[in-house]
Amino acid sequence: MNEQDKSKKLDLPPMGAQDFSEIEDWSGYFNAVLGKGARDTLIAALDSFEQEGFNSGFAVDLAAGEGRDSLELLGRNWHVLATDNHPEAFSHLWARVPEVLKPNLTTTEVSFNDMKFPNCDMVNASFALPFCEPQHFEVLWNKIIASIRPGGRFAGQFFGSRDTWASLPNRSHHSREEVLKLLDGFSIEMIREEERDDPPELRKPKHWQIFHIVARKH
Ligand SMILES: C[S@@+](CC[C@H](N)C(=O)[O-])C[C@H]1O[C@@H](n2cnc3c(N)ncnc32)[C@H](O)[C@@H]1O
């Protein structure tokens with residue numbers, strides 16, 4: 001019996017993207033979010049590049065998932081290295097890439113701790129870094145910083161220390177002060193802090209604390 005059938009049987013609200021994320025059922029997550037548009041942080045970063053006259057570039061889309069952001073990058077003439085450690089991620093992505101843009105995409109199945117970053121104009125890490133195990137976070141972050149060229153950007157999210165999932169043992173969460181420290185060496189162009197409680201009718205309401213970041217490397 002799949003999760004949705006179990007929900008019906010137990011009279012629970014159906015599993016949503018956040019329920020799949022909580023238990024790291026990424027296959028379920030990809031199906032739940034398939035077809036959704038690019039993240040606001042990526043759009044803002046791309047708009048800033050365009051305002052500077054850069055209408056293309058090379059981005060690493062870290063933990064790209066089913067590929068919503070990679071598709072946006074490709075559609076805006078960027079070259080993309082999309083990485084993820086889940087074997088199903090890239091079948092969702094490749095199936096939606098127009099033939100003419102396929103040469104601009106490389107996909108690599110790799111986990112955070114084995115990542116090798118090429119030099120790039122941007123690292124995009126949408127809702128990705130919180131899922132890095134804490135013991136690998138510092139090395140991963142240092143690799144991200146090193147890979148972005150001066151004037152390039154980081155776009156993505158950090159989850160806050162007041163977020164419900166901060167108590168899960170394999171997650172990386174940060175206070176606002178810690179986020180600011182990580183971004184030393186960058187000009188912060190966006191730091192939007194979202195803190196809220198889910199409505200009670202959700203399957204498993206939680207408290208969210210998310211930092212939405214766009215930052216330009218000095
Ligand atoms: C919440 S999803 C985000 C996907 C996409 N970036 C988005 O914005 O929707 C988290 C992603 O992290 C990937 N992931 C989880 N643990 C990972 C690890 N150790 N190494 C690489 N990717 C990982 C999952 O496969 C999943 O695609």
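**The ligand and its surroundings**

A polar side-chain atom of Asn85 lies 3.3 Å from a nitrogen atom of the ligand, a polar contact being a pair of N or O atoms within 3.5 Å. Taken alone the ligand exposes 590 Å², of which the protein buries 94%, with accessible areas taken from the Shrake-Rupley method with a 1.4 Å probe. This is a predicted model, in which local features need pLDDT of at least 70 and side-chain atom pairs count only at pLDDT 80 or more, while totals for chains, interfaces and linings use all residues. Residues are numbered from 1 along each chain as its sequence is written, and side-chain values use heavy atoms, with hydrogens and water left out.

Contacts with the ligand

- A polar side-chain atom of Tyr29 lies 2.7 Å from an oxygen atom of the ligand, and one of Arg39 lies 2.9 Å from an oxygen atom of the ligand.

The shell around the ligand

- The ligand is surrounded by 17 residues, each with a heavy atom within 4 Å of it, and the closest are Tyr29, Arg39, Ala63, Asp84 and Ser126.
- The shell divides into 9 nonpolar, 5 polar and 3 charged residues, where Asp, Glu, Lys and Arg count as charged, Ala, Val, Leu, Ile, Met, Phe, Trp, Tyr, Cys and Pro as nonpolar, and the others, Gly among them, as polar.
- Helix α3 (residues 26-33) gives the most to this shell, with 3 residues, helices being DSSP runs (H or I) of at least four residues, numbered from the N terminus.

Within helix α3

- Trp26 and Tyr29 both lie in helix α3, 3 residues apart, which is about one turn of the helix.

How values were computed:
A polar contact is a pair of N or O atoms within 3.5 Å; within protein, one must be able to donate a hydrogen and the other to accept it, and residues adjacent in sequence count only if both atoms are side-chain atoms. Helices (H or I, at least four residues) and strands (E, at least two) are DSSP runs, numbered from the N terminus.
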